[in-house]
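Okay, thanks for coming, everyone.

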Amino acid sequence: MTHINEGDLKLKAKQVFDQKADSLDLKTQKRLEMARETALSQRSKKTSVFDAVNIKWMTGAGAGLALVSLLTFMLIPGLMSSNGRQVDQSNIAFLEDIEILSHESELELYTQLDFYEWLDESLNEAEL
Amino acid sequence: MKAHDENNISIEQFLIRIEKRAFVMARVATANEDDALDIVQDAMIKLVSKYSNKDSKEWPPLFYRILQSHINDWYRRQKVRNRWRSWFSNDIKDDGDEVRDSPLENKQDDKDKLPEDEIKSMQFSESLEQAVTVLPLRQKQAFMLRAWEECSTKETSEIMKCSQGSVKTHYSRALTSLRNNLQEFSNDSH
């Protein structure tokens, strides 16, 4: 009883499956092309969302800094007291207020960033 | 921007080169064209979204590893699904490796007008594909990667996420099965 040797089997398998790959029908080729385009669109979609979030982060950080600066300038006159003790206590309260207000502002900005990211994804889908 | 475009074109060219072979591999594994297309698309998406920044030399083994993982996932889902079905029906065999209808079985036979040698060659090709399709999954994977894609044992073990010894075992068993199933062609020259 003779068997096909390994070399012949490998060679024939390679020929058979190479031929299968080269002779796919047009419908299948088209579907593969669509699959490829879908895959490639994921990369550019990821990039644009990243860029949008990046920009929003910078905008948010800038807005936060501006808010803190504004609060600082608004509250500084309150610090100009003739009573040193009052100034010290006011300074502490002022700093605590700034910290709390800043954190609240950051939280609000985070929420806005999520909204901007969702908005960007929605716009991208609409474009597609 | 230019580098970004070059990367985009490069991975696109890679996908164009590999998509047909990936589809054939997935179709042999699943014996279903729609499932094969889904698997290939999922593998492409994963490669592009997770590994497009890698060096292009890493894409082939990465892509095949992703592809085989998705095939494994498909296979597990099929086994679970068929197990449920077998509880309610006697139509499906539950003997470990499910045998599904091969697309070859419904092919129209237009061989009557061809020379005998060509007919025999076509028969051998069909029998070979059929024989590979019905192999157990791991043997199938090992054979397609080693024999068709000409991956080394080491590369195949990394793609299949198993030891090199396991690859050799699966591959050897695949060869034995194929030789037995294609015995009728053993004395013919191809």
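**Charged pairs and a buried helix**

Let's start with A:D18, which is partly exposed because its relative accessibility is 21%; buried means under 20% relative accessible area, exposed over 50%, and partly exposed in between, with a 1.4 Å probe and protein chains only. Before I go on: this is a predicted model, where local features need pLDDT of at least 70 and side-chain atom pairs count only at pLDDT 80 or more, while totals for chains, interfaces and linings use all residues. Residues are numbered from 1 along each chain as its sequence is written, chains are lettered from A and ligands numbered from 1 in the order in which they are written, and side-chain values use heavy atoms, leaving out hydrogens and water.

So, who does A:D18 pair with? It makes a salt bridge with A:K14, with the closest N and O atoms 3.6 Å apart; by salt bridge I mean a side-chain nitrogen of Lys or Arg within 4 Å of a carboxyl oxygen of Asp or Glu. Both residues sit in helix α1 of chain A (residues 6-22), 4 residues apart, or about one turn. Helices here are DSSP runs of H or I, at least four residues, and strands are runs of E, at least two, numbered from the N terminus. An α-helix has 3.6 residues a turn, so residues three or four places apart point the same way. A:K14 is partly exposed too, at 22%.

Over all chains, there are 13 salt bridges. Take B:R27 and B:E129, whose side chains meet at 3.7 Å, N to O. That pair links distant parts of the chain, 102 residues apart: B:R27 is in helix α1 of chain B (residues 2-30) and B:E129 in helix α4 (residues 116-133). B:R27 counts as buried at 12%, and B:E129 is buried at 5%. There's also a network, where salt bridges that share partners join A:K14, A:D18, B:R21, B:E149 and B:E150.

How enclosed is α5(B)? Largely, because 11 of its 12 residues are buried. Among them are B:F143, B:M144 and B:W148, and charged ones including B:K140 and B:R146.

A:R31 is in helix α2 of chain A (residues 26-79) and B:D34 in helix α2 of chain B, so the pair joins two chains.
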